[in-house]
Amino acid sequence: MSSLNLETVLQLPVDERIRIAEAIWDSVAREPAHVGLEPWQAEELDRRIADFEATPDEGLPWDEVKRRILGTP
């Protein structure tokens, strides 16, 4: 891909802008160590992990949640 400036990118058709956004997101996801969390985010994740570890049988598996949301048997 050649170098593009933001103005040029914003003039592209939506499907091409989506492909560019996906490529950028994929490149970020490959480097999770460079994505920082705010302190409150880290605290919330720690709290949720502690809740899960304290009561691992509480909650529902994803398949069950999805079934309920979609209203399928």
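The structure holds 6 salt bridges, each one a side-chain nitrogen of Lys or Arg within 4 Å of a carboxyl oxygen of Asp or Glu. Before we visit some of them, please note that this is a predicted model, in which local features need pLDDT of at least 70 and side-chain atom pairs count only at pLDDT 80 or more, while totals for chains, interfaces and linings use all residues. Residues are numbered from 1 along each chain as its sequence is written, and side-chain values use heavy atoms, with hydrogens and water left out.

**Stop 1: the whole chain.** Start with a cartoon view. Helices (H or I, at least four residues) and strands (E, at least two) are DSSP runs, numbered from the N terminus. The C-alpha atoms fill a box of roughly 50 × 40 × 20 Å along the principal axes. The radius of gyration is 20 Å, whereas a compact globule of 73 residues would have one near 11 Å; this radius is taken over C-alpha atoms, and the globule rule is 2.2 Å times the number of residues to the power 0.38.

Buried residues make up 4% of the 73 in the chain, where buried means under 20% relative accessible area, exposed over 50%, and partly exposed in between (1.4 Å probe, protein chains only).

**Stop 2: a nonpolar patch.** Select Ile 24, Trp 25, Val 28 and Val 35, which make a nonpolar surface patch of about 400 Å². Patches are made of residues with over 30% relative accessible area and no salt bridge; like charges are joined within 9 Å, and nonpolar side chains (Val, Leu, Ile, Met, Phe, Trp, Tyr) within 5 Å. Trp 25 is found in helix α2 (residues 14–29). Is Trp 25 buried or exposed? With a relative accessible area of 58%, Trp 25 is exposed.

**Stop 3: Arg 47 and its partners.** Show side chains on helix α3 (39–54). Arg 47 forms a salt bridge with Glu 44 at 2.5 Å, N to O, and another with Asp 51 at 2.8 Å. Glu 44 is 3 residues from Arg 47 in helix α3, so about one helical turn separates them. Asp 51 is 4 residues from Arg 47 in that helix, again about one helical turn. Relative accessibility is 42% for Arg 47, 25% for Glu 44 and 39% for Asp 51.

**Stop 4: the loop.** Move on to Leu 60, in the loop between α3 and α4. Leu 60 counts as partly exposed, at 45% relative accessibility. Draw a C-alpha to C-alpha distance from Leu 60 back to Arg 47: they are 18 Å apart in space and 13 residues apart in sequence.

**Stop 5: helix α4.** Select residues 62–70. Why does helix α4 lie largely in the open? Of its 9 residues, the number buried is 0, so the helix lies largely in the open. Here Glu 64 and Arg 68 meet in a salt bridge (2.9 Å, N to O), 4 residues apart, about one turn of the helix. Arg 68 counts as exposed, at 53% relative accessibility.

Methods
Accessible areas come from the Shrake-Rupley method with a 1.4 Å probe; for residues, only the protein chains shown count as cover.
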